[in-house]
Amino acid sequence: MDRRIRAGLATTFAVAAGVTAAPVPAGAASGGTFAPARYLATGSTATNAVAVADVTGDGRQDIVVGIDAADGTQTSSVLVYAQQAGGTYAALPKITAHGGYNSNVRLAVADIDADGRTDVALSSSAGIDVLYQRNGRLAAPVLAAGRGEDVAIADVTGDGRPDLVVARVQGEVRIYPQTSSHTFPTYTTVTGPYTAGVPVDQVFVADLNADGRPDLAQFYGHGTWVRLRRADGSYAAATTYRAPADANGYRPVGLAATVGDVTGDGRADLVTSVNGNSPDAAVQVFAQGTGGLAATPASYPTYDCPAGLAIGDLTGDGRQDLVVAHGSWRAVSVRLQQSDGTLGAYATNLVDGVGSQPDALAVGDVTGDGKPDVVAVAYDKVAVLRQL
């Protein structure tokens, strides 16, 4: 799943951290192998985030790129590579947003105003820019909510309108309900415990205890806190999920998380990366069982420096697979979900300058052959891994 719509769960909610690849058509199934990376230059070393969605209204999945301000004279921006017939791309004019220098922008994609067209939300130090799709293009951004380090799009209030869920800082999430006029004038604050020291946080909205209600989670490097939504709309006390401590009491940190069904039971699981070099590098799965997430994760050793994560059904077998960006190690790896609900061995794919940002990966059919591909941030460009 890419940032941000996750499907195939017991209940579907918009969440932060990738957009789920569309189901693979019959006859298009593959084995999760990829052609050598193709690169699309963004023109900026501050390329921070990537998402896959049809933002031009032609039924083809486009590549959406979030770009930070590279210096104090610039602002953040959004770049769209519109997919053309035959799997080529047209780079549309860059759209200037409001974020200032060092915003570390993130992306979320969903139909925010319920007009049947996919829109984009961009988080930055200036606030949440919403870019509505109009006439086959993304319109100029509207600064819709306050400062955010990450953003998710989900109907939290239950009124049928998607809301903005914003990680303002570590330990603080703001929920901006959408009004009938498609504005976000007010917010409520939900807090959770955190351990400082890792400059990253992500926000997720998903049903994490199979009760049909959207729960709230924030990843902060040292762990993830989860607050389950009660029937009256309030949130239960936070439960924290962290990597197990080693013999010396040390708990490794991570660079990214994602949420999706990687165990094959129809429930959303929490997946986090564990930073380090082999043999310490790992991805860990806090599987959802009866009543919530497992306290102890299943750990899978992996290639060096795992960072951004994305989930999608790459092979058309109905099972969600895991894609991992290995920051600064020139690799993106893929783990296919097995029939027993475990993740198989990883296979690496060469990517020059792969980013370590939480939004460094997206999954979707960007080549028009019916097979989900992988798109990755790669320093001043994006890499397209076409599935064979």
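These exercises work through parts of a predicted model, each with a solution.

Residues are numbered from 1 along each chain as its sequence is written. In this predicted model, local features need pLDDT of at least 70, side-chain atom pairs count only at pLDDT 80 or more, and totals for chains, interfaces and linings use all residues, while side-chain values use heavy atoms, with hydrogens and water left out.

**Exercise 1. Describe the surroundings of Arg 227.**

Step 1. Locate the residue. Arg 227 lies in strand 19, residues 224-227. Strands (E, at least two residues) are DSSP runs, numbered from the N terminus.

Step 2. Look for a charged partner. Arg 227 is buried and has no salt bridge. Buried means under 20% relative accessible area, exposed over 50%, and partly exposed in between, with a 1.4 Å probe and protein chains only. A salt bridge is a side-chain nitrogen of Lys or Arg within 4 Å of a carboxyl oxygen of Asp or Glu. The nearest side chain of opposite charge is Asp 215, 9.8 Å away; Lys and Arg count as positive and Asp and Glu as negative, while His and the chain ends are not counted.

Step 3. Look for backbone partners. The side chain of Arg 227 reaches the backbone oxygen of Thr 191 at 2.9 Å. A polar atom of the Arg 227 side chain also lies 2.9 Å from the backbone oxygen of Ala 236.

Step 4. List contacts (heavy atoms within 4.5 Å). Leaving aside residues up to four places away in sequence, Arg 227 touches several residues, among them Val 190, Leu 216 and Tyr 235.

**Exercise 2. Give the order of the strands in the four-strand open sheet, and find its edges.**

Step 1. The order is 17-18-19-20, with antiparallel pairing. Two strands pair if DSSP finds at least two bridges between them.

Step 2. Strand 17 (202-206) and strand 20 (239-241) are the edges: each has a single partner strand, so one side of each is left without a neighbour in the sheet.

Step 3. Take one pair in detail. Strand 17 and strand 18 (residues 215-219) are antiparallel and share five bridges. Val 203 stands opposite Gln 218 in strand 18.

**Exercise 3. Compare where the partners lie in the salt bridges Arg 106 to Asp 150 and Asp 113 to Arg 134.**

Step 1. Start with the total, which is 13 salt bridges.

Step 2. In the pair of Arg 106 and Asp 150, the closest N and O atoms are 3.7 Å apart. Arg 106 is in strand 7 (residues 106-110) and Asp 150 in strand 13 (residues 150-154), 44 residues apart. Both Arg 106 and Asp 150 are buried.

Step 3. Asp 113 and Arg 134 meet at 3.0 Å, N to O. Asp 113 lies in the loop between strand 7 and strand 8 (119-124) and Arg 134 in strand 10 (residues 133-134), so this pair ties together parts 21 residues apart in sequence. Asp 113 counts as buried because its relative accessibility is 9%, whereas Arg 134, at 34%, is partly exposed.

**Exercise 4. Work out how strand 3 is covered and paired.**

Step 1. Six of the six residues of strand 3 (residues 62-67) are buried. Asp 62, Val 64 and Gly 66 lie on one side, and Ile 63, Val 65 and Ile 67 on the other.

Step 2. Strand 2 (residues 47-53) pairs with strand 3 in the antiparallel sense over six bridges, and Val 50 has Val 65 as its bridge partner.

Step 3. Strand 4 (residues 77-83) runs antiparallel to strand 3 and is joined to it by five bridges. Here Ile 63 stands opposite Tyr 81.

Conventions: A polar contact is a pair of N or O atoms within 3.5 Å; within protein, one must be able to donate a hydrogen and the other to accept it, and residues adjacent in sequence count only if both atoms are side-chain atoms.
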